[in-house]
Amino acid sequence: MKNLLKLFAVAAALGLAPAAVVAQAPASAPAAAANGAAAPQAPRDAISAKSQAQPAQPKDVSSPAVGPFNTSAPSNASVAASALAARTSPEVGVGQPTEKPALQPQFTPIGDEARWFHNTILMPLITIISLFVLALLLFVIVRFRRGANPVPSRNTHNTFLEVVWTLVPVLILVAIAVPSIRLLAHQYSPPKPDVTIKVTGNQWYWTYSYPDNGGFEIVSNMLSDADAKKRGEPRLLAVDERMVVPAGATVKLIVTSADVIHSFGVPSFWVKMDAVPGRLNETWFKVDKPGVYYGACYELCGARHPFMPIAVDVVPPAQFAAWVASKGGTMPGQKKPTSPDATQNSPISNPAAAAGATTAPGGGTSATPTPTNVSAGTAAATATNQSQAHSSRGQ
Ligand SMILES: [Cu+2]
């Protein structure tokens, strides 16, 4: 009995270690699993089947998801069609769930470090401890069964064993803590950003705005199964408008929500950040390899929670600049505004039009003609205010 107690105590003490290790395990593991599970499955019930049939409309979040399955009308179809030309094609095994029961391949420095921590430190340690505890239990069950050990030990105390079963788990936890805290520190001390994107979660779609690029905003809705298939993209992950970022750039994300709590997550970037209404959360990533990387909302946020995927298109910098221009935005250092209205009315870019528009009544029909320079000044002031109002509305 003496030995039995000792062995049980050692097993119990070491048994604590796997629990602590699991607590340290990265949060993206279940995320990856959830992502993997979501992709190949059919909608499980009538609600999800119906709601999937009707992609969310940005301005129509309250309408109930009813009606027949409609594959031909994604939300902003015309916008999506124009963006189709330059879409990057997804690559199997890159930025999307795989068949393997493992973390997705990582494409950011943080992802590489985290995957190393998981695969090289945590998994071997968990495996060794679990096998050791299992072996101890089996040994105890066989060796100290009643038949083989009729008179149990009454020993209750052993200083050496107590020191060992206290110290060993502590050392194991310290060994885990060092790379764990280092990874956390790297995650939360981002390098200077090259591009900033404000991500807003909505029931049930994402909006991405680019404050460094003129403040334009894009709305990203999930594609229907048929449209995703047509474009050769995975179902439940393809979207009409992707977040586009330049390759090799540090991208800062400011994450918030317009209604309930969502969570912006892209497993292959090791990025997951809660989107909380009234709060700005910050995260970042840097991807060198151009491609399409998929993610999803990771916070239960209502009926269509599984249908607000994320697609990040990492493109060469020149292509990013072209994409920004196609959205009416500007690259940092470029002059704005670029809106056709503001440009046409701007006295700076088109002084003749601005002067002509306002001096015609002054010169022709007014009873008290005003000097040309005064009305030109008024025109300039008015036009400038309009263009300012226009550009600030965009931000
Ligand atoms: Cu959500």
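Colleague: How many other C-beta atoms lie within 10 Å of Ile 110, a residue that is partly exposed?
Modeller: This is a predicted model, in which local features need pLDDT of at least 70 and side-chain atom pairs count only at pLDDT 80 or more, while totals for chains, interfaces and linings use all residues. Residues are numbered from 1 along each chain as its sequence is written. A residue is buried if 20 or more other C-beta atoms, placed from the backbone, lie within 10 Å of its own, exposed if there are 12 or fewer, and partly exposed in between. Ile 110 is partly exposed because the number of other C-beta atoms within 10 Å is 19.

Colleague: Which residues does Ile 110 touch, not counting those up to four places away in sequence?
Modeller: Ile 110 has its place in helix H5, where helices (H or I, at least four residues) and strands (E, at least two) are DSSP runs numbered from the N terminus. The C-alpha atoms of Ile 110 and Gln 187 are separated by 6.5 Å, although these residues are 77 apart along the chain. Two residues are in contact if their C-beta atoms, placed from the backbone, lie within 7 Å. With residues up to four places away in sequence left out, Ile 110 touches His 186, Gln 187 and Trp 270.

Colleague: How are helices H5 and H6 oriented to each other, roughly parallel or roughly antiparallel?
Modeller: Axes are lines fitted to C-alpha atoms, for helices over the stretch in contact, and angles run from 0 to 180 degrees between N-to-C directions. The axes of H5 (residues 109–143) and H6 (residues 159–187) come within 10 Å and cross at roughly 165°. Angles under 35 degrees count as roughly parallel, over 145 as roughly antiparallel, 65 to 115 as roughly perpendicular and the rest as oblique. H5 and H6 are therefore roughly antiparallel.

Colleague: Is the crossing of H5 and H6 left-handed or right-handed?
Modeller: Where these helices meet, H5 contributes Ile 110, Glu 113, Ala 114, Phe 117 and Ile 121, and their counterparts in H6 are Ile 176, Pro 179, Ser 180, Leu 183, His 186 and Gln 187. A crossing is left-handed if the near helix is turned anticlockwise from the far one by less than a right angle, and right-handed if clockwise. For H5 and H6, the crossing is left-handed.

Colleague: What is the order of the open sheet that contains S1 and S5?
Modeller: Two strands pair if DSSP finds at least two bridges between them. S1 (residues 195–202) is joined to S2 (residues 205–210) by five bridges in an antiparallel arrangement, whereas seven bridges join S1 to S5 in a parallel one. S5 also pairs with S8, here in the antiparallel sense and over six bridges. The pairing in this five-stranded open sheet is mixed, and the order is S3-S2-S1-S5-S8.

Colleague: Which residue in the hairpin of S6 and S7 takes a positive phi near 60°?
Modeller: S6 (residues 262–266) and S7 (residues 271–275) pair in the antiparallel sense over five bridges, and Gly 265 stands opposite Lys 272 in S7. S7 is mostly covered, with four of its five residues buried. The hairpin has four residues between the strands, and the residue with a positive phi near 60° is Trp 270.

Colleague: Which residues of helix H8 are buried?
Modeller: What covers the buried residues of H8 includes strand S4 (243–246) and strand S10 (310–315). Within H8 (residues 317–326), the buried residues are Phe 320, Trp 323 and Val 324.

Colleague: How wide is the arc within which the buried residues of H8 fall, seen down the axis?
Modeller: The arc is that of the directions from the helix axis to the C-beta atoms. The buried residues of H8 line one face of the helix, because they fall within an arc of 100°.
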